[in-house]
Amino acid sequence: MPPIRGLILFNASLLMDQSFGKKEKLKSKILITQLFEEGKGISVYPLKLIYLSIEKKEVSIKTAVTVSKRNFKSAVDRNRIKRLLRESYRCNKAQVFNNTDANFAFLFLYLGKDMPTFEQLDHKMKLVLNKFKLQIDEKNSK
């Protein structure tokens, strides 16, 4: 049994933690302002990713989500969309974490005017993260 146990431990180390903990959340007002001023954007309607390369932090990617109050007057609706965005990011963040060594700050904006389903957001999140990965790979290859 020891070889199987070792194999299980080895495979478990390859799996990424799929949590979205406190250290991964972007809360710094200074960094958020800097993101809006200097960050680069990737859009896949109804999502927009604004990202900025940052200096070394305890986590490689810090993330925030936001929904416009202009498009969704009700806080209940805004909060639901933000929960869906965070969950979609949590499920798909391995695409970015496993393929980059740099440190980034992410801000996901929801630009749509209607209430999305999780499946719609999850699909768009995968597209946005793939576009981001392609841009970073392209930049690193130059």
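Strand 2 (47-53) and strand 4 (104-110) run antiparallel and are joined by 7 bridges, two strands being taken to pair if DSSP finds at least two bridges between them. The model is a predicted one, in which local features need pLDDT of at least 70 and side-chain atom pairs count only at pLDDT 80 or more, whereas totals for chains, interfaces and linings use all residues. Residues are numbered from 1 along each chain as its sequence is written, and side-chain values use heavy atoms, with hydrogens and water left out.

With 7 of its 7 residues buried, strand 4 is largely enclosed by the rest of the structure, where buried means under 20% relative accessible area, exposed over 50% and partly exposed in between (1.4 Å probe, protein chains only). In a regular strand the side chains alternate between the two faces of the sheet.

The chain as a whole comprises 5 helices and 4 strands, the helices (H or I, at least four residues) and strands (E, at least two) being DSSP runs numbered from the N terminus. The order of these elements from the N terminus on is α-α-β-β-β-α-α-β-α. Of the 142 residues in the chain, 36% are buried. Among contacts with a separation of 6 or more, 79% are made by residues 24 or more positions apart, contact meaning heavy atoms within 4.5 Å. The accessible surface comes to about 9,000 Å², of which 55% belongs to carbon and sulfur atoms, as computed by the Shrake-Rupley method with a 1.4 Å probe, with only the protein chains shown counting as cover for residues.

Aromatic side chains form a further part of the picture. A pair of aromatic rings is described by the distance of the centres and the angle of the planes. The structure holds 9 aromatic pairs, for which rings of Phe, Tyr and Trp (its six-membered ring) must have their centres within 6.5 Å, with planes under 30 degrees apart counted as stacked, over 60 as edge-to-face and the rest as tilted. The rings of F20 and Y89 have centres 5.6 Å apart and planes at 75°, so this pair is edge-to-face. Because F20 lies in the loop between helix 1 (2-14) and helix 2 (29-38) and Y89 in helix 3 (residues 75-92), the pair ties together parts that are 69 residues apart in sequence. Both F20 and Y89 are buried. F106 and F108 also form an edge-to-face pair, because their ring centres are 5.9 Å apart and their planes stand at 85°. One aromatic cluster is formed by F20, Y51, Y89, F104, F106, F108 and F132.

Helix 5 (118-141) has 24 residues and reaches 34 Å from its first C-alpha to its last, close to the 34 Å expected at 1.5 Å a residue, the expected span being 1.5 Å times one less than the number of residues. Its buried residues are L121, D122, M125, V128, L129, F132 and I136, and these pack against strand 1 (40-44), strand 2, helix 3, helix 4 (94-97) and strand 4. D122 counts as buried because its relative accessibility is 16%. Its side chain is joined to that of S88 by a polar contact of 3.4 Å, defined as a pair of N or O atoms within 3.5 Å; within protein, one must be able to donate a hydrogen and the other to accept it, and residues adjacent in sequence count only if both atoms are side-chain atoms. Not counting residues up to four places away in sequence, D122 touches S88 and N92.

Two loop residues complete the description. G112, in the loop between strand 4 and helix 5, counts as buried at 1% relative accessibility. Leaving aside neighbours within four places in sequence, G112 is in contact with Y45, P46, N71 and F72, and its C-alpha atom is separated by 7.6 Å from that of L47, 65 residues apart along the chain. I54, in the loop between strand 2 and strand 3, counts as buried at 11% relative accessibility. With neighbours within four places in sequence again left aside, I54 is in contact with L31, N103, F104 and A105.
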